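Reader: I've got this one open on my screen and would like to talk it through. Can you walk me around it?

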Amino acid sequence: MVTPPCATQHDTWVWISGASRDTVFDSALSAIRGLEGVASPATEVTGWAYRRNRDLTGFIDGTENPPAVEAPAAALVGDGSAQGASVVLVQQWEHLPSFAALSQTEQEAVIGRTLDESIELEGDDARADSHVARTVVEEGGEELAIYRRNTAWGGPTRHGTMFVGFCATQHPLQVMLERMAGVPDGVRDALPRHAVALTGAYYVAPALEALARLLPPEE
């Protein structure tokens with residue numbers, strides 16, 4: 001069993017996404033130069049899309065994401081002074097060779113979904129320690145929703161998944177983490193047996209209006 005490290009909190013997390021790598025590179029360099037004298041990079045990770053919507057295990061990622069029309073309600077604070085902001089959980093996971101060594105049936109049992117169509121396993125095929133069973137949580141008859149924007153990172157020898165989860169509150173993210181660790185009932189998620197958590201931290205993504213107020217006044 002792999003034990004994740006303690007939280008690896010930094011002052012600020014910057015996520016730059018774009019369709020071309022040169023644009024992302026130039027934007028990141030501009031951000032670093034713009035923060036000189038205020039902050040310096042502590043770490044950086046370059047991510048990339050793998051087979052459109054799959055992670056490096058080969059399984060479809062984000063199946064549990066809410067539909068586009070419901071995503072803002074799940075990901076953004078709805079009212080108050082923080083309206084439009086989002087609580088973000090960022091984790092860097094390194095995949096271990098042990099998962100690839102499993103048969104497809106065993107891999108599907110660990111994830112809790114089929115490989116090709118991402119259909120949730122049911123009945124005797126559904127394990128209590130599957131990743132789906134531990135992270136799909138209901139309270140009061142409703143599923144706790146988050147919005148995932150995971151991405152692959154690394155190369156052939158070392159690689160994994162950057163988990164990026166957005167939510168209107170910290171509670172759903174915290175419940176999922178606790179269930180993965182077996183806090184409520186002693187049942188630990190099977191997936192972390194085949195991955196190492198290298199980093200993990202919470203951040204707040206401010207609303208665009210709040211960020212705009214930080215811009216210098218126009219001359």
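This is a predicted model: local features need pLDDT of at least 70, side-chain atom pairs count only at pLDDT 80 or more; totals for chains, interfaces and linings use all residues.

Reader: Is leucine 208 buried or exposed?

Author: The cut-off for exposed is over 50% relative accessible area. Leucine 208 comes out at 69% relative accessibility, so it counts as exposed.

Reader: Which residues make the nonpolar surface patch of about 360 Å²?

Author: Leucine 208, from helix 7, is one of them. The patch is made by Leu208, Leu211 and Leu214.

Reader: Now the inside. Which element gives the most to the largest nonpolar core?

Author: That core has 14 residues, and Trp93 and Phe163 are among those with the most contacts inside it. Strand 2 (86-95), strand 7 (159-167), helix 6 (171-180) and strand 8 (195-205) each supply at least two of its residues. With four residues, the top contributor is helix 6.

Reader: And how many residues are in the second, separate core?

Author: Its members include Ala75, Val90, Ala201 and Tyr203. The size of this separate core is nine residues.

Reader: Which side chain does the side chain of serine 118 join in a polar contact of 2.7 Å?

Author: Leaving out residues up to four places away in sequence, serine 118 touches Ile60, Thr63 and Arg113. The 2.7 Å polar contact links its side chain to that of threonine 63.

Note on methods. Residues are numbered from 1 along each chain as its sequence is written. Side-chain values use heavy atoms; hydrogens and water are left out. A nonpolar core is a set of buried Ala, Val, Leu, Ile, Met, Phe, Trp, Tyr and Cys residues joined through side-chain atoms within 4.5 Å. Buried means under 20% relative accessible area, exposed over 50%, partly exposed in between (1.4 Å probe, protein chains only). A polar contact is a pair of N or O atoms within 3.5 Å; within protein, one must be able to donate a hydrogen and the other to accept it, and residues adjacent in sequence count only if both atoms are side-chain atoms. Contact means heavy atoms within 4.5 Å. Patches are made of residues with over 30% relative accessible area and no salt bridge: like charges are joined within 9 Å, nonpolar side chains (Val, Leu, Ile, Met, Phe, Trp, Tyr) within 5 Å. Accessible areas come from the Shrake-Rupley method with a 1.4 Å probe; for residues, only the protein chains shown count as cover. A salt bridge is a side-chain nitrogen of Lys or Arg within 4 Å of a carboxyl oxygen of Asp or Glu.
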